[in-house]
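Please look over the structure below. The report after it takes one part at a time.

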Amino acid sequence: MPKALQPHPDRALPAGPARELARRIHASTKDLPLLCLHGHVDATLFASDEPFGDPAELLVVPDHYVTRMLISQGVSPDRLGLPRRDGTATAEPREVWREFCSHWHLFAGTPSRYWLEHEFAEVLGLSVHPSAETADLLYDEIAARLAQPEFRPRALLDAFNIELLSTTDAATDDLAPHAKIAADLPGRIVPTLRPDAVVHVDRPGWSDLITLLGERAGTDTTSYAGYLEALRQRRQTFIAAGARATDHGHFSAAATPLSDAEAERIYADALHGRTTPEDAAAFAGNLLFQMAAMSAEDGLVMQLHPGVLRDHHPGIHATYGPDQGHDIPVATEFTQSLRPVLERFGHAEGFRMVLFTVDETAYSRELAPLAGVYPSVRLGAPWWFLDSPDGMRRFRELVTETAGFYNTSGFVDDTRAFLSIPARHDLARRVDAGYLADLVVQHRLDEDDAFQVAQDLAYNLARTTYLS
Amino acid sequence: MPKALQPHPDRALPAGPARELARRIHASTKDLPLLCLHGHVDATLFASDEPFGDPAELLVVPDHYVTRMLISQGVSPDRLGLPRRDGTATAEPREVWREFCSHWHLFAGTPSRYWLEHEFAEVLGLSVHPSAETADLLYDEIAARLAQPEFRPRALLDAFNIELLSTTDAATDDLAPHAKIAADLPGRIVPTLRPDAVVHVDRPGWSDLITLLGERAGTDTTSYAGYLEALRQRRQTFIAAGARATDHGHFSAAATPLSDAEAERIYADALHGRTTPEDAAAFAGNLLFQMAAMSAEDGLVMQLHPGVLRDHHPGIHATYGPDQGHDIPVATEFTQSLRPVLERFGHAEGFRMVLFTVDETAYSRELAPLAGVYPSVRLGAPWWFLDSPDGMRRFRELVTETAGFYNTSGFVDDTRAFLSIPARHDLARRVDAGYLADLVVQHRLDEDDAFQVAQDLAYNLARTTYLS
Amino acid sequence: MPKALQPHPDRALPAGPARELARRIHASTKDLPLLCLHGHVDATLFASDEPFGDPAELLVVPDHYVTRMLISQGVSPDRLGLPRRDGTATAEPREVWREFCSHWHLFAGTPSRYWLEHEFAEVLGLSVHPSAETADLLYDEIAARLAQPEFRPRALLDAFNIELLSTTDAATDDLAPHAKIAADLPGRIVPTLRPDAVVHVDRPGWSDLITLLGERAGTDTTSYAGYLEALRQRRQTFIAAGARATDHGHFSAAATPLSDAEAERIYADALHGRTTPEDAAAFAGNLLFQMAAMSAEDGLVMQLHPGVLRDHHPGIHATYGPDQGHDIPVATEFTQSLRPVLERFGHAEGFRMVLFTVDETAYSRELAPLAGVYPSVRLGAPWWFLDSPDGMRRFRELVTETAGFYNTSGFVDDTRAFLSIPARHDLARRVDAGYLADLVVQHRLDEDDAFQVAQDLAYNLARTTYLS
């Protein structure tokens with residue numbers, strides 16, 4: 001008989017003397033609306049509002065947390081349905097789903113397990129655990145659910161109580177889906193400008209993108225000055241479409257400005273197909289500074305996500321493309337790297353920078369001290385590998401004593417997996433409830449303050465960080 | 001009605017099965033005398049024994065933990081009364097105090113909140129929480145207290161049960177206040193030699209300081225040899241005034257000796273106003289080695305506080321001067337940096353080095369392994385941003401298993417805020433009581449050993465580290 | 001009256017609501033056989049099966065955890081009986097033992113204390129704590145035990161329930177003791193190939209070892225190709241003797257291949273006594289890559305232990321030789337360092353790499369992400385300074401959420417101290433039981449899963465990592 005799936009009402013709350021209070025704190029935040037101000041859900045989902053595809057396509061193939069764990073235990077990417085760049089057929093959806101279900105035990109102790117159990121039980125209404133035996137049953141049950149109108153993307157947007165959701169969009173995006181959504185759901189789904197592809201001059205296809213950037217912006221991008229102007233124009237277009245923020249994924253947090261002449265030289269070289277790794281890195285760092293300058297002018301919140309070596313395995317990248325779970329963090333320096341930006345804009349009225357890391361060593365050493373003094377800096381929520389019960393707990397323990405609660409950004413779900421959004425917010429609210437309750441029972445925080453802080457962490461801080 | 005201020009008797013003790021024992025351990029250490037062997041209280045306070053100024057001047061303006069948090073949330077330094085270098089007037093004390101009180105919620109979860117609650121309730125006898133509404137009431141109450149004789153510095157020294165207090169004094173200091181104090185309170189307040197200003201040849205005004213150093217020491221400092229001799233002389237003067245230690249705040253822990261010829265060259269260049277960042281760093285590293293050599297001779301304990309980028313924001317530094325909360329840590333290497341010193345003096349009889357860090361990654365990786373084998377090395381107490389309940393707890397968890405308890409220095413309060421000293425020692429004693437009680441209830445330490453270790457951490461280790 | 005020695009049945013289990021379950025989980029794993037697949041016990045112990053020597057020789061002198069702690073508190077290496085290279089006599093065994101016993105309090109809170117209490121009480125049947133007063137009594141009691149046949153090495157191998165034990169053996173070892181043991185105890189004691197001495201061309205005596213390597217392998221090692229062939233031959237000899245793995249202790253994890261021509265040049269230079277630190281480091285990194293290539297062919301598991309600066313104090317090394325507790329960790333990079341190996345072999349069928357660290361910062365940042373996606377990578381158990389209750393707990397907390405349980409290696413005891421092996425496995429099983437029980441009471445893991453995972457961590461994962 002298959003094992004029943006019953007997420008416990010007290011899951012991820014402390015087990016000891018703080019539990020009862022943690023329950024009450026969680027009860028006070030669990031029904032607050034969701035502000036999803038940094039994520040990667042595709043806008044076309046809501047523009048078209050088509051039913052979701054099959055269970056594998058929805059829950060396995062695009063979730064790199066899930067596929068990387070299965071790959072790590074010897075399941076080949078092909079068996080998981082990862083689309084090959086050359087279009088070669090890979091596994092059928094039902095086969096993919098069976099692989100996933102038969103390896104369910106691998107997820108013990110991981111956040112994927114918490115999120116998936118929540119999705120299965122509370123969103124999809126499933127009642128048994130995945131296993132080799134239950135795979136087909138679950139596949140059919142999920143497929144049946146997805147065919148119903150209440151499981152369409154816009155219906156779920158309401159069911160999930162999502163007040164506002166930001167997507168992530170390239171600087172060259174035409175924002176057409178957003179225009180369609182805005183007509184139907186005004187102010188509910190907004191874009192975020194992610195200019196990474198146009199600021200890294202050494203990436204294949206960069207110069208074609210620059211041409212497209214010029215077209216979108218209606219400016220001449222054959223010069224560095226024109227390129228900066230195109231970026232300024234595009235920011236205005238994003239702002240008009242409701243954007244609140246930009247997002248920057250760089251290898252390093254270095255943000256040192258170049259002279260116009262030096263930047264122009266690198267830019268011109270790159271347009272002629274000549275670039276060096278050093279020039280490319282210097283240009284990317286310069287652009288972080290320039291984008292900060294633009295943020296200080298136009299008010300878009302600047303989000304920085306540094307410190308990941310993308311596509312660690314060239315073979316996987318060549319066969320399956322980017323974002324296939326083979327991105328590995330590196331040690332990341334912030335104190336010296338961000339000094340030029342903070343010297344110039346750290347105390348500037350209206351500039352707001354949100355810093356994320358996958359290098360936890362920076363929490364207490366650099367990030368909390370920076371956020372704890374610069375009015376412009378907020379610490380982003382625990383990101384990627386750290387968006388987990390112990391990871392979120394460590395974040396609070398390492399950051400709060402120096403930066404307090406009010407220099408953190410509020411939770412961001414940062415996901416492509418739309419169905420996991422409520423689970424992610426709920427888990428974060430549980431972990432924060434537990435942390436606050438533990439402080440109260442240790443008499444390090446008053447109970448009334450704990451309830452207020454919980455509201456702020458769950459909802460208000462996301463507003464004040466991104467929307468004020 | 002204002003919220004009552006009532007620090008809980010069990011604050012910062014564990015909430016679970018260890019609480020009762022933690023209470024008993026804390027009870028056994030809470031009344032031990034305070035040894036304050038590393039701090040920054042101004043000696044003139046005790047020399048003159050004048051009443052303290054107003055509440056803002058006493059509790060807000062000089063406390064960079066407090067001002068940095070307020071600044072981080074948009075309160076301008078001027079509104080906090082930070083004195084401008086140009087003498088321009090800033091806010092009135094009562095206005096500063098109101099800013100502080102109306103932002104009291106920002107300190108939730110921070111050590112500043114614990115310290116201030118302790119000071120307000122147990123030192124100043126206040127009975128309501130700070131808030132916009134209570135600001136004036138509290139201001140007046142505190143001002144009234146400060147006018148009473150029992151709140152004069154020397155009276156508080158007794159009330160606080162401070163057995164010995166070390167100040168921090170430049171190599172060029174004439175130690176006049178210490179002479180005056182020594183006559184009235186023999187052996188109670190002693191200086192600590194901090195030679196930073198004379199070993200960093202690239203700091204503005206260095207050569208003037210060198211002239212003054214020569215005058216103070218009665219030696220000719222126009223040569224490197226004379227400069228070293230001046231430092232030796234000054235150490236003797238400090239020792240005669242009761243000093244137990246030197247203190248060194250360097251960007252890096254590098255302590256590599258230079259040849260006399262090379263050191264002489266850099267020194268001569270610097271006197272002629274020519275220096276490079278590389279030369280300055282090499283000279284500072286050389287001086288760490290030379291000071292270790294002198295410590296091995298004269299027995300002054302050598303304290304090293306590396307790894308902070310001072311004055312991160314040049315604009316703040318230009319307007320308000322140093323030590324305004326804009327000092328940010330960096331990753332710090334110890335293993336290779338200290339090798340030259342430890343190769344030479346690590347096993348030397350009579351040499352004692354106390355290592356501090358604001359980079360917690362070094363605790364288990366480098367500092368505990370070094371302190372756990374070199375007889376000369378002790379690990380300093382958690383420092384600066386890490387002098388907090390969770391920070392002190394992590395220190396014990398990351399250090400004890402490799403270095404044990406007896407290679408740590410005992411608590412140091414490291415503060416300019418005289419009124420916070422009892423609160424800081426009390427918080428450390430609470431955290432240690434909780435850590436020890438947790439070990440006992442997990443049957444990892446015997447109860448009788450826990451009581452002995454608690455005494456040692458609270459009092460005896462500071463004696464054996466600095467006074468034996 | 002001396003204090004009774006009574007290790008508590010619940011030692012190192014959680015104290016709160018998880019204790020009862022932790023007890024039951026521990027009860028389910030504590031009698032599983034021990035797989036000791038990475039350790040440093042000397043094979044000759046079992047070849048000769050002679051009685052152990054005196055208590056000091058068995059329990060103090062060779063245990064660098066113990067001697068480093070005593071040295072750190074001022075006991076000279078001579079007083080601890082550390083053999084001097086020049087053969088000068090040092091302390092008598094009974095004197096050494098007295099030094100150890102009179103400093104017993106130093107070990108409070110350290111893993112040495114847990115291990116030794118376990119050995120004293122459960123292996124040696126002692127009933128009082130070490131102290132200055134009990135030193136002679138304990139010495140005589142232990143000496144009497146060691147004279148009994150049930151305390152001979154092979155008898156203890158059975159008593160300890162050791163199923164399989166791997167030793168560590170140089171590439172130039174003749175494996176004679178293993179041949180003798182294999183005849184008597186087939187398949188019970190196997191060698192591990194540790195080629196460090198022949199891959200670091202800058203170590204004194206390297207070229208003599210290369211000659212010996214050639215003799216052992218029956219190949220001509222005057223060329224780089226012949227040298228590689230010798231290593232291949234030796235691997236086959238080790239495999240024939242039952243070896244499952246190689247072990248590599250490098251300063252850095254860098255594993256970048258050199259061209260054959262460049263490797264040949266460095267090799268030839270080194271044979272002529274000419275080498276540079278850069279060449280030596282490049283050659284060592286190249287050899288890591290070459291050994292990975294050989295592992296991918298012959299199936300030996302590749303264990304990497306990087307990031308330790310050996311013999312930090314040259315004077316101690318000169319007088320007493322290596323491995324005297326003066327090895328200090330350094331920050332260690334894995335993501336970029338291992339990329340060449342993982343690009344080539346990370347997804348290769350049959351390649352298995354086990355990564356160890358003494359830099360905990362790499363756990364969540366680099367090691368868990370690597371192990372959580374590459375099928376070839378497993379995370380080794382907490383190593384050296386981290387093989388302790390809090391260290392093992394942090395390992396699980398920092399690794400599990402990204403890598404899960406099944407990308408870790410299972411426990412390895414990694415010790416020269418044969419008598420401590422049961423204590424080390426037991427402590428690891430206790431810590432894992434506590435971690436799992438805590439997850440269950442926080443409703444983050446189902447109880448049935450916890451029991452299964454506990455079995456896997458205690459026994460099955462060591463099998464699947466090293467023996468499958």
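## A helix in chain B

The buried residues of α6(B) are B:P111, B:S112, B:R113, B:Y114, B:W115, B:L116, B:E117, B:H118, B:E119, B:F120, B:A121 and B:V123. Buried means under 20% relative accessible area, exposed means over 50%, and partly exposed lies in between (1.4 Å probe, protein chains only). Twelve of the 13 residues of α6(B) are buried, so this helix is largely enclosed by the rest of the structure.

Helices (H or I, at least four residues) and strands (E, at least two) are DSSP runs, numbered from the N terminus. The expected span of a helix is 1.5 Å times one less than its number of residues. After α6(B) comes B:G125, with a positive phi near 70 degrees.

## How to read the model

This is a predicted model: local features need pLDDT of at least 70, side-chain atom pairs count only at pLDDT 80 or more, and totals for chains, interfaces and linings use all residues. Residues are numbered from 1 along each chain as its sequence is written, chains are lettered from A and ligands numbered from 1 in the order in which they are written, and side-chain values use heavy atoms, with hydrogens and water left out.

## A helix in chain A

Helix α19 of chain A covers residues 421-441. It has 21 residues and reaches 30 Å from its first C-alpha to its last, close to the 30 Å expected. Is α19(A) buried or exposed? 21 of its 21 residues are buried, so α19(A) is largely enclosed by the rest of the structure. Just after α19(A), A:H443 takes a positive phi of about 55 degrees.

## Two helices that cross in chain C

Helix α12 (residues 224-240) and helix α13 (residues 260-271) of chain C pack at about 90 degrees, with their axes 9 Å apart. Axes are lines fitted to C-alpha atoms, for helices over the stretch in contact, and angles run from 0 to 180 degrees between N-to-C directions. Angles under 35 degrees count as roughly parallel, over 145 as roughly antiparallel, 65 to 115 as roughly perpendicular and the rest as oblique. α12(C) and α13(C) are therefore roughly perpendicular to each other.

Contact means heavy atoms within 4.5 Å. Here α12(C) brings C:Y224, C:A225 and C:Y227, while α13(C) brings C:D260, C:A263, C:E264 and C:Y267.

## A buried strand residue

B:L355 sits in strand β10 (residues 353-355) of chain B. At 2% relative accessibility, B:L355 counts as buried. Which residues does B:L355 contact, leaving aside its neighbours within four places in sequence? They are B:L304, B:L338, B:L367, B:V377, B:R378, B:L379 and B:G380. B:R378 is 23 residues from B:L355 in sequence, yet 6.4 Å away in space, C-alpha to C-alpha.

## Where the chains meet

Buried area is the accessible area (1.4 Å probe) that two parts lose on being put together, summed over both. Chain A and chain B bury about 3,600 Å² between them, with 54% of it on carbon and sulfur atoms. A:R365, A:E401 and A:R444 supply 20% of the area that chain A buries against chain B, more than any other three residues.

Chain C and chain A also bury about 3,600 Å², and carbon and sulfur atoms give 54%. C:R365, C:E401 and C:R444 supply 20% of chain C's share against chain A, more than any other three residues.
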